[in-house]
Amino acid sequence: MLLGIDVGGTHTDAVLIGRQGIVAMAKIKTDHDNLLVSIKDALESIVSVAGPEGVSRLNLSTTLSTNAIVEGDTEPVGMFVSGGPGIDPALYRVGDHYFTAEGCIDHRGEETGPLDEAAVARGMEACREAGVSVFAAVSKFSTRNPAHENRIKELVHPLADYVAMGHDFSGRLGFGRRINTAYFNSAVWRLYNRFADAVQKSVLSMGLRPRINVLKADGGTMPLSMSRQLPIQSILSGPAASVMGIIAICDIREDAVILDIGGTTTDMAVFAGSAPLVEREGIAISGRPTLVRALRVRSIGVGGDSAIHVTPQGVMVGPRRLGPPMAFGGAHPTLVDALNVQNVIAYGNVAASFTGMAALAEGSGLDPETLADYAIAAAVNKIREEVAGFVREINDRPVYTIYEMLEGRKVAPAKVYVMGGPALALSALLQDAFSQEVVVPENFAVANAVGAALARPTFSVELFADTARGRMVVPSLGLSREVGRDYDLAAAEADATALLREHVRYLGAEDDEAPVETVERSSFNMVDDSTFLGRNIRVVCQVRPGVLPQYREAVTCPC
């Protein structure tokens, strides 16, 4: 059986799924001061029902990295950057400990200027004085030759607990994106690894022995061991779980909007036909573009726990969360309290909701019922406006799905699928606000945990070929062999695909017929004095993100 846990801003959801469907589920209040407690409570709830023996895999989605970056709760990073002629690396400054060093690797991977090791040494001394112990190293063309990044890592090693190198994240060019990706990865590295340690200890203490995976931003999963070196890949894994959840429980065939309404935020995604959209070049984190490939999602600060405020401009809901609803012991009225007052729901201590809304209404000239009505309308209208803006923004750019680029395609949503705890309570109000049909699927309250449980592992391989030297290598598989001068990009792509399929079968993956896609491909000619020497080729293939089909059939409902 497969266990999925989604750690959200308000609740931690868990589901256990077998070949016949959902076996057990749990919804636990998230402890923001100790996320591990939330995971442990969710595990205990599931194990008490199903026992530890039958769980073969645990997939986890977590807000840990996302929240740490958004809230500024990250570790200082010693950032070392080498650019070369024609570019000023100081323009990409990020963080408080940013150091540049002369040196150049050109676009062919040739060193045309040595690394200024004295500059690196000066930066190291500044980091030593500041107590910095995690680092990142990026040079402009490190994807063609990582020698300078490797040397920086060697130099800072005496001070370092961890060093991220830019060429480890992607073979695509993009100097600024590479700098930001390496920086954020190091900034959350220690926090994430402490969390991973605690997860493993908790799982073992309960007698569980599953393979543990973490959901990535693109909707696939990676082993927990791999995520320890690449924690930035877990960014936005919560919204990714929502998208995978709706794929699992609904057979979507039309353009559609997905809304996951939680306690803290509403996450939205858009489908073009049967496929979710992706940020092909990489998402922006805190306004900085990165190389992290992700599903295209948007989060807004409207949820069941969003605080209500009366302002001169009117009644507002969110974006701040000031604690739980007053119905559950909070100190400030929230959207849940407004829904209680209007008899849309009856959660917790309804009398406390009335008391809080009455106190907030004093001095505004409104009675509690009217204030609650305005608050609910404000929340629903905010969601509708954000969805409309999101769709407009999507249609202003080329549309990419997880399958392909849809050239000239405009997305026109026909349905709005709503999931998350407040989904059913708000469905009628959302239907009044949207012209499209609003659908609340079965198991809507834990759909994100279903998505986490069933998300497909996205194994990948990276192939490099240098036809001038007559050599092709796949480092992750320890493979190296000779190739001819006529070896080209098409041949490299075919080899990478075949090797990945063989690797997936060797690993014993449950979905060895999963579709394989090429996510990165490049080929450039090497020329010296107008003489063609050969091609430098790079291809990355991965198993396409999706859900395991043999389990999906057990949870899919007609939506």
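Me: Buried means under 20% relative accessible area, exposed means over 50%, and partly exposed is in between (1.4 Å probe, protein chains only). Buried or exposed: which is T12?

Reply: T12 counts as buried because its relative accessibility is 0%. Bear in mind that this is a predicted model, where local features need pLDDT of at least 70 and side-chain atom pairs count only at pLDDT 80 or more, while totals for chains, interfaces and linings use all residues. Residues are numbered from 1 along each chain as its sequence is written, and side-chain values use heavy atoms, leaving out hydrogens and water.

Me: Where does T12 sit?

Reply: In strand β2, residues 11-18. Strands (E, at least two residues) and helices (H or I, at least four) are DSSP runs numbered from the N terminus.

Me: And what does T12 touch?

Reply: Leaving aside residues up to four places away in sequence, T12 touches I5, D6, V7, A26, K27, I28, T30, S38 and A42. Touching means heavy atoms within 4.5 Å.

Me: Which side chain does the T12 side chain make a polar contact with?

Reply: That of T30, at 3.0 Å. A polar contact is a pair of N or O atoms within 3.5 Å; within protein, one must be able to donate a hydrogen and the other to accept it, and sequence neighbors count only if both atoms are side-chain atoms.

Me: New topic. How many cavities of 30 Å³ or more are there?

Reply: Three, searching the whole structure. A cavity is a set of points on a 1 Å grid over the protein atoms alone where a 1.4 Å probe fits but cannot get out, and lining residues have an atom within 4 Å of a point.

Me: Last one: where's K153?

Reply: In helix α4, residues 147-156. K153 is partly exposed because its relative accessible area is 36%. Not counting residues up to four places away in sequence, K153 touches V163 and M165.

Notes:
1 Å grid on protein atoms, 1.4 Å probe; cavity = no way out; pocket = protein on both sides within 12 Å on 5 of 7 lines; lining within 4 Å. Points joined across faces, edges and corners; volume = space filled by probe spheres on them.
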